[in-house]
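Please keep the sequence and the structure at hand while reading.

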Amino acid sequence: HHYGEINGTDYPTTESFKVFAKQHEGDLTNWESADNFWGTDAQKVEYDASEGAKYWDTDTDHYWPSGDVKLSFGAYSPAVLNGEATATYTNAGLTIANFEVNATVANQVDLMYSGPILNQTYKNNATGVSVVLKHALSSVVFSAIDADANANYTINSIKVKGKFLKKGTFCENLSWSNGNATGTAGWTVDSNDTEIEYTLAT
C-alpha cells in the first residue's frame with residue numbers, strides 16, 4: 001500500500017484503485033437508471049506485469065458490449081479506504097463517507113478521484129480507457145531556509161494547531177445536462193469531529 005502524497009503524472013504501480021461502471025445506449029443522462037456493467041460495487045484495478053504484459057486490469061475479465069452500448073466510469077484511489085470509510089456512486093457522483101485522515105502523517109493516504117468518465121466506446125478505447133485522478137485533499141509543506149551561512153539551526157518540532165478536522169464525507173456534487181455531468185466537489189465535516197493537533201516533525 002502506498003502512503004503519502006502521489007506526485008507527478010505517473011500513478012504508482014504499487015497502488016490500486018477502484019472503478020464503478022455503467023452500461024447504456026446513447027449518452028448517459030442518469031447514472032442511477034443505467035444498468036450496472038459489473039455489479040453495484042466498484043471493482044479493484046491493479047497493475048499486471050505477468051507474462052510480459054504491462055497493463056491495468058480487474059481480477060475478472062470484462063468485454064466491451066456489442067452494438068451501440070456505451071460504458072461510463074467513476075474511479076477513486078486508494079482501493080482500500082481507511083477505517084469506516086465507504087464509497088458509493090449516484091447521480092451526485094462519487095461519495096466517500098466517513099473518511100478519516102490518519103493522525104500519524106507517515107500513515108496518511110492521498111485520496112483521489114477521477115470525475116465522471118462518460119460515454120466510452122470500444123472504438124475510441126481499443127487500448128484502454130484513460131483514467132485521470134485528481135486530489136481530494138490538500139498537502140501542506142513546510143520549508144526552512146538558512147539565511148545565514150555562518151549559523152546553525154536545529155528544528156526540534158513542527159506542530160500545526162487550529163481548526164484542523166480529520167473526518168468527513170467527500171462528494172462530487174454532480175448535476176446532469178445533455179449527456180454531461182459537472183459539479184464542484186467538496187467536503188462535509190463530521191458533526192462529531194473534534195479539532196486535533198498534528199505533529200509534523202520531532
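The model is predicted: local features need pLDDT of at least 70, side-chain atom pairs count only at pLDDT 80 or more, and totals for chains, interfaces and linings use all residues. Residues are numbered from 1 along each chain as its sequence is written, and side-chain values use heavy atoms, with hydrogens and water left out.

**Aromatic pairs**

Across the whole structure, a search finds 13 aromatic pairs. Rings of Phe, Tyr and Trp (its six-membered ring) pair if their centres lie within 6.5 Å; planes under 30 degrees apart count as stacked, over 60 as edge-to-face and the rest as tilted. Phe-17 and Trp-56 form a tilted pair, because their planes stand at 45°, with ring centres 5.8 Å apart. Phe-17 belongs to strand β1 (residues 17-25) and Trp-56 to strand β4 (residues 55-58), so this pair ties together parts that are 39 residues apart in sequence. Strands (E, at least two residues) are DSSP runs, numbered from the N terminus.

Burial is given as relative accessible area: buried means under 20%, exposed over 50%, and partly exposed in between (1.4 Å probe, protein chains only). Phe-17 is buried at 8%, whereas Trp-56 is partly exposed at 31%. Trp-56 also pairs edge-to-face with Tyr-47, at 5.3 Å centre to centre and 65° between the planes. Tyr-47 is partly exposed, with a relative accessible area of 29%. Ring pairs link Tyr-11, Phe-17, Tyr-47 and Trp-56 into a cluster.

**Salt bridges**

The search of the whole structure finds three salt bridges. The term stands for a side-chain nitrogen of Lys or Arg within 4 Å of a carboxyl oxygen of Asp or Glu.

| Salt bridge | N to O distance |
|---|---|
| Lys-70 and Asp-27 | 2.8 Å |
| Glu-46 and Lys-44 | 3.8 Å |
| Glu-84 and Lys-167 | 3.6 Å |

The bridge between Glu-84 and Lys-167 joins the loop between β5 and β6 (86-90), where Glu-84 lies, to strand β12 (residues 167-171), which holds Lys-167, so it ties together parts that are 83 residues apart in sequence. Glu-84 is exposed at 57% relative accessibility.

The salt bridge of Lys-70 and Asp-27 has an N to O distance of 2.8 Å. That pair links distant parts of the chain, 43 residues apart: Lys-70 is in strand β5 (residues 69-77) and Asp-27 in the loop between β1 and β2 (35-36). Asp-27 is partly exposed at 41%. Of the remaining pair, Glu-46 is partly exposed at 32%, and Lys-44 is partly exposed at 31%.

**Two serines**

Ser-72 lies in strand β5 and is buried, with a relative accessible area of 0%. Its side chain reaches the backbone nitrogen of Asn-119 at 3.0 Å. Leaving aside neighbours within four places in sequence, Ser-72 is in contact (heavy atoms within 4.5 Å) with residues including Phe-20, His-24, Trp-31, Ile-117 and Asn-119.

Ser-177 is found in strand β13 (residues 174-177) and is partly exposed at 46% relative accessible area. The side chain of Ser-177 makes a polar contact with the side chain of Asn-178 at 3.5 Å. A polar contact is a pair of N or O atoms within 3.5 Å; within protein, one must be able to donate a hydrogen and the other to accept it, and residues adjacent in sequence count only if both atoms are side-chain atoms. The C-alpha atoms of Ser-177 and Tyr-122 are separated by 24 Å, and the two residues are 55 residues apart along the chain.

How values were computed. Helices (H or I, at least four residues) and strands (E, at least two) are DSSP runs, numbered from the N terminus.
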